[in-house]
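Have the model open while you read.

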Amino acid sequence: SSQFLVFPEGLLYLISSLIGHSVRASLAINSVVNVVVLYLIFRWLVSLVGNYRLRLKQIFALGCVLLLILYMLLERQPLVNMSSIATLYIFNDYYYGIIVSGGILLCLTLSLKGPVNSLKSLSKRQIFLSSLSLLLTALTTFSNPIFIVQFLAPILVALCIVWLLGGIRFRHGLLLTIPLIIGTGIGYLARSPFKKFIGQSLNNHINTGQIPPTLSLLHQSVRQDLMNKSGLLELILIMLTILFCIFYSAWWVYQKTHHKNESLEYRFLLLSLFGFISAFVAIVFSVAIGSLSTRYMLPLVIFPLFGLIPLFAYINKHLHK
């Protein structure tokens, strides 16, 4: 790879290399570690939004991971770097670290709850979680500034919309956003002495002259998917996931505006908003920088899966009535 991604890719590869006895074995183990980490993130997320039985949390997390693996199995076209998206998650140097760090930060964001009278009177738990969010954001931004576009921008937009709709109060919103913003600033500034040794800066990825070929390649990839059963099925599943995120967000807003006394979980709205906003940003970013590979679209197939948690909560609620 032309990139050296320090965190979290470097850390997870180090762990894998301690187990494997060769580069090939380490890369194979790393791919398994990536999937296991994603499973744990889904488990953590669903445990934060409700008191569900352990078996149900395991089934949901496993179901989301198996859906991602199904995407990979459906990507049978040649030239992985030009046609596949989901499969890139198991490769060490294709930006899967944005998914891992983003998922963990989403969990930390949902964990930061409770009364916020003032930022000076935070509890020890709130300070600890905020510090952890700041550190994780700084390390990931330091390693790969694309994290700013593919995770930070969508989550901040989603949080802003949740606040505007009355899902969270202004001080609570500050508690959630300040660690992310400060961590990003620290991470980006800390890159200066190490630019030659770590992932490229954002401006180095931009090649506006290649936007027309990028649009042509995107059109060709979609057309190729529509012409074979496996590609069509993958495309339908991805679109259904994103459409659910949009539908649930619209339903939440409708309920909030027409039934003001009804108690609604803001975390469900945050997850669904983040799901489809991140997917949209991934497509726009890939086209805007003139990318001729699919590596920048990885959030398109994974982040919307987080938005399925409200569906899980709805099904669980009605099964136990």
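Let's start with Leu240, which sits in helix α11. Keep in mind that this is a predicted model. Leu240 is one of the residues in a nonpolar surface patch of about 670 Å². Which of them gives the most? That's α11, with six residues.

Now for the helix packing. Two packed helices are described by the angle between their axes and the distance between the axes. Here are two pairs side by side:

| Helix pair | Axes come within | Crossing angle |
|---|---|---|
| α12 (residues 266–288) and α13 (residues 298–306) | 7 Å | roughly 170 degrees |
| α1 and α6 (residues 124–143) | 7 Å | roughly 90 degrees |

Take α12 and α13: angles over 145 degrees count as roughly antiparallel, and these two helices are therefore roughly antiparallel to each other. On the α12 side, the contact uses Leu271, Phe274, Gly275, Ser278, Ala279, Ala282 and Ile283. They meet Pro299, Leu300, Phe303, Pro304 and Phe306 in α13. By class, that contact has ten nonpolar residues, two polar ones and no charged ones.

The other pair crosses at roughly 90 degrees, which makes α1 roughly perpendicular to α6. Val6, Phe7 and Glu9 of α1 make this contact with Leu136, Leu139, Thr140, Phe142 and Ser143 of α6. The residues in the contact of α1 with α6 divide into five nonpolar, two polar and one charged.

Finally, the backbone. Most residues other than glycine have a negative phi, and most peptide bonds are trans. Where does this model have a cis peptide bond? Look at the step from Phe7 to Pro8, with omega near -5 degrees. Pro8 is placed in helix α1 (residues 6–19), and Phe7 also takes part in the contact between α1 and α6.

Then there's Tyr95: not a glycine, yet with a positive phi of about 70 degrees. You'll find Tyr95 in the loop between α4 (80–83) and α5 (96–111).

Conventions: Residues numbered from 1 in each chain as written. Predicted model: local features only at pLDDT ≥ 70, side-chain atom pairs only at ≥ 80, totals over all residues. Heavy atoms only, no water. Axes fitted to C-alpha atoms, helices over the stretch in contact; angles between N-to-C directions. Helix = DSSP H or I, 4+ residues; strand = E, 2+ residues; numbered from the N terminus. Parallel < 35°, antiparallel > 145°, perpendicular 65-115°, else oblique. Contact = heavy atoms within 4.5 Å. Nonpolar A, V, L, I, M, F, W, Y, C, P; charged D, E, K, R; others polar. Patch = residues over 30% accessible without salt bridge, like charges linked within 9 Å, V, L, I, M, F, W, Y side chains within 5 Å. Areas by Shrake-Rupley, 256 points an atom, 1.4 Å probe, with all protein chains shown as cover. Salt bridge = Lys/Arg side-chain N within 4 Å of Asp/Glu carboxyl O.
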